[in-house]
Amino acid sequence: MISTAVILSALELGCIYALVALALFLSFRVLNIADMTTDGAFTLGCAVSATLAVAGHPLLALPAAMIAGACAGSITALLQTKLKIPSILAGIITNTGLYTINLAVMGFSSNVNMMKSKTLFSLVQPALGSVYKLLPAALITLVVAVLLVVFLKTRLGLSIRATGDNPDMVRASSINTGFTITIGLCMSNAMTALSGAVLAQYQKTADINLGTGMVIIGLASLIIGETLLPKGKLWMKALGAVAGSIVYRFIIAIALRLDLPSECLKLISATIVALAIGLPAIRGAMKPATKGGKSKC
Amino acid sequence: MLKLSNISKTFNPGTVNEKKALTNVNLSLESGDFVTVLGSNGAGKSTLFNAIAGSFPVDDGTIRLDGVNITNQPDYKRSKYIGRLFQDPLKGTAPHMTIEENLALAYMRASASHSPFSMISAKERREFREKLSQLELGLEDRMQSQVGLLSGGQRQALTLLMATLVTPKLLLLDEHTAALDPATAQKVLNLTQKIVAENHITCLMITHNIPSALQLGNRTIMMKDGTIVREIAGQERKNMTTENLLKLFHSQGVENDRILFSADLPQT
């Protein structure tokens with residue numbers, strides 16, 4: 001029922017979207033912030049990447065998209081830490097503003113076509129053959145995941161983790177929480193934008209609506225990963241985000257095979273996230289006698 | 001060393017909920033002073049600590065530490081040289097991080113020379129291990145355990161170690177043993193005494209326990225309605241008994257059930 005091509009494409013997309021899951025691992029799990037900038041930052045990555053690829057710079061497009069994403073993250077962080085806007089609202093405000101920015105990056109057109117442009121994948125196609133899409137995507141995700149885990153063990157990384165874990169304690173340890181939140185949000189949105197950048201070149205098109213619902217898809221992947229892998233060390237959690245993202249793509253592939261119309265996918269994603277996050281409460285309601293004390297990450 | 005001049009703080013000014021939390025508080029601490037702070041609930045003890053630590057800006061007055069005016073410094077900058085423990089043992093540590101990582105965070109206060117991208121070194125690990133073994137709680141063998149798995153007493157002892165890992169100029173103890181069972185409280189109190197004496201730390205400690213207020217430190221101040229109403233030091237403090245201090249409380253109009261209770265308790 002499922003062909004090699006379907007498996008290959010699920011793996012490819014899983015690796016690309018895993019960057020969003022890793023980004024949400026940093027913002028949602030580590031920093032304890034539901035970052036609504038994600039949708040806009042993803043599209044921003046797509047837009048920057050597509051525009052630069054069309055201009056003949058498919059490789060430069062990736063770091064450029066990351067910088068753009070980091071800028072978007074810094075705006076959300078600024079709204080949150082300096083103007084004291086609640087974090088969810090800060091993300092929504094940036095996200096709304098980004099819609100115009102994204103259109104502007106694409107030359108006020110709602111999509112950019114890269115059919116005739118060189119992409120990161122077309123550059124390596126002669127050398128890699130049939131895995132010319134999977135290998136670069138997997139490599140990028142692997143490098144980002146390793147760098148993220150190593151970073152979280154550095155002094156700055158420890159400060160960021162503590163900021164999400166116990167802000168009271170962090171201030172008493174002479175760490176500026178405004179600074180750590182800013183660094184964390186810049187990094188997570190840079191990762192999200194990188195994901196968008198790779199995806200745009202992967203499918204040779206960028207669209208203003210590509211990022212819609214991305215935060216939910218990322219969360220679904222993250223939570224699937226957490227359910228599948230044992231709780232434990234940081235690298236296990238990062239691995240879980242990547243694995244969750246791949247599993248999510250397989251679920252979608254199967255759903256499509258079952259002739260579910262693709263319009264239903266967002267509803268399925270939303271249901272997965274609602275069920276996964278609500279699972280402890282559902283379990284608690286079913287077993288009222290036992291006390292359900294589920295710890296964060 | 002620490003000099004508070006005319007510190008005032010009013011919460012919700014101009015509303016029906018207006019509360020004068022501190023009124024013209026003056027306090028001067030010499031280096032090595034260990035001052036215990038007594039007072040009923042709402043007397044302004046914790047507000048005084050918050051003012052010193054910079055949790056909020058004061059309305060009036062100046063705070064000087066070692067001659068430097070820190071009145072307008074944000075809290076995270078002051079915490080470079082002011083260590084602080086709260087009543088809630090959960091407040092001072094990050095539960096989902098390991099003991100070692102928590103200590104590394106505390107250590108960052110002094111290690112400005114370290115790159116933010118450096119990791120915990122083997123030398124630091126040895127140092128943490130040695131310091132943890134001084135607590136005599138066996139934590140030195142659990143450095144990779146998550147702090148959330150420790151008991152309240154263990155967490156408070158760890159917080160104490162973290163606050164003093166880099167010797168602070170000033171240590172603020174806000175009823176840091178009140179949430180612990182009597183035996184554990186005594187243990188943490190002994191540890192406090194030992195660490196403060198060994199490192200010659202200037203210290204302010206809020207307590208509701210009269211015996212320990214007299215037993216620990218070299219000065220005792222009493223607070224009421226946002227002001228310091230009485231200070232006991234020197235010979236007067238040496239001769240002071242629990243009963244006499246209670247009488248003094250009544251004469252100052254300070255009433256507090258928790259203090260009355262603690263005075264009846266035998267010293268554990």
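**View 1. The area buried between chain A and chain B is about 2400 Å², and carbon and sulfur atoms give 59% of it.** Buried area here is the accessible area, taken with a 1.4 Å probe, that two parts lose on being put together, summed over both. In this predicted model, local features need pLDDT of at least 70 and side-chain atom pairs count only at pLDDT 80 or more, while totals for chains, interfaces and linings use all residues. Residues are numbered from 1 along each chain as its sequence is written, chains are lettered from A in the order in which they are written, and side-chain values use heavy atoms, with hydrogens and water left out. Across this interface, 23 residues of chain A are in contact (heavy atoms within 4.5 Å) with 28 residues of chain B.

**View 2. A salt bridge joins Glu101(B) to Arg161(A), with the closest N and O atoms 2.8 Å apart.** The count between the two chains is 2 salt bridges, each defined as a side-chain nitrogen of Lys or Arg within 4 Å of a carboxyl oxygen of Asp or Glu. On the side of chain A that touches chain B, helix 6 (134-152), helix 7 (155-165) and helix 8 (167-172) each supply at least two residues, helices being DSSP runs of H or I with at least four residues, numbered from the N terminus. Helix 7 of chain A gives the most to this side, with 7 residues.

**View 3. Helix 12 (residues 265-286) of chain A bends by about 55° at Leu279(A).** The bend is the angle between axes fitted to the seven residues ending at a residue and the seven starting there; a proline, Pro280(A), follows within four residues.
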